[in-house]
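Here is a short report on a few local features. Take a look at the model before reading on.

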Amino acid sequence: MNLARSSFDPKRGSLRTYLSILARSRCLDRLRSWRNRQRSLEQGRVELQGSPAADPTLEQLAQAERVAEVQTALAELSESQRQVLKMAYYEGMSQTEIAKQLDLPLGTVKARARRALLRLRELLGGPS
């Protein structure tokens with residue numbers, strides 16, 4: 001549907017690149033929307049519960065373990081890489097927004113994010 005409504009201009013680049021960027025943008029939109037829904041659900045859950053559960057479930061323990069692993073891996077990154085990832089994944093900012101806020105060239109932000117994600121994959125034992 002987005003493609004039918006889009007305004008592809010071959011002077012600006014190839015169709016392949018355009019479609020890749022369009023798909024990436026829609027994925028980021030959905031991710032941000034999902035995160036906002038999750039925050040709303042969490043806020044509602046906290047308001048309904050009132051007090052923390054006395055008996056954590058196995059799922060909660062596994063989630064806490066994954067969070068600890070990711071936090072440990074994030075601590076291994078440089079401050080600049082950690083900052084870019086935090087802004088992108090925890091605050092939902094685009095790379096363009098990050099570049100503006102940090103007053104850095106967009107290419108620098110992209111390079112830091114890429115290097116950081118590769119390093120995280122290595123630290124967390126992801127596929128090579």
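## Where α3 meets α6

This is a predicted model. In it, E69, V70, A73 and L74 of α3 contact L120, L123 and L124 of α6. Sorted by class, that contact has 6 nonpolar residues, no polar ones and 1 charged residue. E69 is on the α3 side of the contact, and Glu counts as charged.

How do the two helices pack? Helix α3 spans residues 58–75, and its angle with α6 is about 125 degrees. Their axes are 10 Å apart. The angle makes α3 oblique to α6, because angles of 65 to 115 degrees count as roughly perpendicular and those over 145 as roughly antiparallel. The crossing of α3 past α6 is right-handed.

D103 sits in the loop between α5 (95–102) and α6 (106–124). Its phi is positive, about 55 degrees, although D103 is not a glycine. Most residues other than glycine have a negative phi.

Is D103 buried or exposed? Its relative accessibility is 69%, so D103 counts as exposed. The cut-off for exposed is over 50%.

## L31 in α2

L31 belongs to helix α2, which covers residues 15–49. Its relative accessible area is 29%, so L31 is partly exposed. That class lies between the buried cut-off, under 20%, and the exposed one, over 50%.

Along the chain, L31 and Y89 are 58 residues apart.

Methods: Residues are numbered from 1 along each chain as its sequence is written. This is a predicted model: local features need pLDDT of at least 70, side-chain atom pairs count only at pLDDT 80 or more; totals for chains, interfaces and linings use all residues. Side-chain values use heavy atoms; hydrogens and water are left out. Helices (H or I, at least four residues) and strands (E, at least two) are DSSP runs, numbered from the N terminus. Buried means under 20% relative accessible area, exposed over 50%, partly exposed in between (1.4 Å probe, protein chains only). Axes are lines fitted to C-alpha atoms, for helices over the stretch in contact, and angles run from 0 to 180 degrees between N-to-C directions. Angles under 35 degrees count as roughly parallel, over 145 as roughly antiparallel, 65 to 115 as roughly perpendicular and the rest as oblique. A crossing is left-handed if the near helix is turned anticlockwise from the far one by less than a right angle, and right-handed if clockwise. Contact means heavy atoms within 4.5 Å.
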